[in-house]
Amino acid sequence: MARIKPQALLLQSKKKKGPTRISVTTIVLCNLIIALIALSLVATYRYWSRRSLDHTGSDFSAAEEMDAFSKKDDLPGYAILNTSKGLITVELYKDGSPEVVDRFLDLCQKGHFKGMPFSHVIKHYVIKGGDSQGLGVAEDWISKGKLRSQLVTSPKHEAFMLGTTKNKLENKGFELVITTAPIPDLNDKLIVFGRVIKGEDVVQEIEEVDTDEHYRPKSHVGITSVTLKREI
């Protein structure tokens with residue numbers, strides 16, 4: 001039997017193990033499959049990311065609503081006016097005059113009433129806190145010389161009610177008015193948002209201060225600070 005030479009075996013091996021050619025069609029198909037897989041992954045990622053954001057947003061909105069409700073429910077219901085004559089405790093009408101009470105509370109937190117003087121004191125009528133020079137709501141009543149006994153009493157404006165003047169409120173101002181007698185003819189000018197529940201004697205003491213002919217106190221009397229309370 002004839003023996004095959006090593007060189008011949010080497011040539012035969014090279015012929016058998018020659019490189020396999022890949023067609024262009026196969027390459028294109030592979031690239032398309034890879035592209036489709038990539039697009040599918042991107043679409044899936046965007047879907048779950050958007051769903052996660054929507055879920056988080058809805059949770060945040062619900063949390064905000066619950067927080068807002070909690071804040072509204074926990075609003076202070078009382079204010080303690082620390083005056084130069086003593087303390088006056090006021091119950092706030094959160095349900096009856098919510099917008100005015102909200103503004104009053106906001107101004108209290110900003111220190112608006114700190115150092116506010118009682119600019120006018122009219123015996124058997126009102127004491128008024130603010131910096132205005134005019135009598136405001138009291139002017140018409142005094143100029144016409146009305147008598148309390150001739151007026152129909154309105155429960156809304158009994159003595160020791162806390163209110164603010166409408167004209168100041170509409171002009172983004174805020175005056176404090178405490179009635180010292182029933183004033184039924186101020187319905188169109190005064191917004192009542194609370195009542196004095198403690199410290200009526202302090203109100204009466206302020207009412208007794210000496211005033212000039214324009215009902216302005218001759219000596220300073222005013223509010224030094226305001227403390228808000230949820231409960232008394």
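Modeller: A residue is called buried when its relative accessible area is under 20%, exposed when that area is over 50%, and partly exposed in between, with a 1.4 Å probe and protein chains only. The model is predicted: local features need pLDDT of at least 70, side-chain atom pairs count only at pLDDT 80 or more, and totals for chains, interfaces and linings use all residues. Residues are numbered from 1 along each chain as its sequence is written, and side-chain values use heavy atoms, with hydrogens and water left out.

Biologist: Why is K110 called exposed?

Modeller: The relative accessible area of K110 is 62%; exposed requires over 50%, so the label applies.

Biologist: What makes the contact of K110 with D106 a salt bridge?

Modeller: The term requires a side-chain nitrogen of Lys or Arg within 4 Å of a carboxyl oxygen of Asp or Glu. In K110 and D106 the closest N and O atoms are 3.2 Å apart, so the pair meets that limit. D106 is partly exposed, at 31% relative accessible area. In total, the structure holds 5 salt bridges.

Biologist: How do you know that the salt bridge of R195 and E91 ties together parts that are apart in sequence?

Modeller: Their side chains meet at 3.1 Å, N to O. R195 belongs to strand β7 (residues 190-198) and E91 to strand β2 (residues 86-92), so the pair joins parts 104 residues apart in sequence. Strands here are DSSP runs of E with at least two residues, and helices are runs of H or I with at least four, numbered from the N terminus.

Biologist: Why is E91 called partly exposed?

Modeller: Its relative accessible area is 21%; buried would require under 20%, so E91 falls in the intermediate class. R195, at 34%, is also partly exposed.

Biologist: Which parts of the chain does the salt bridge of K123 and E208 link?

Modeller: The side chains of K123 and E208 meet at 3.2 Å, N to O. K123 sits in the loop between β3 (118-122) and β4 (126-129), and E208 in the loop between α6 (200-207) and β8 (223-229), 85 residues apart.

Biologist: What share of the residues of the protein chain counts as buried?

Modeller: Of its 232 residues, 31% count as buried. The protein chain has 6 helices and 8 strands.
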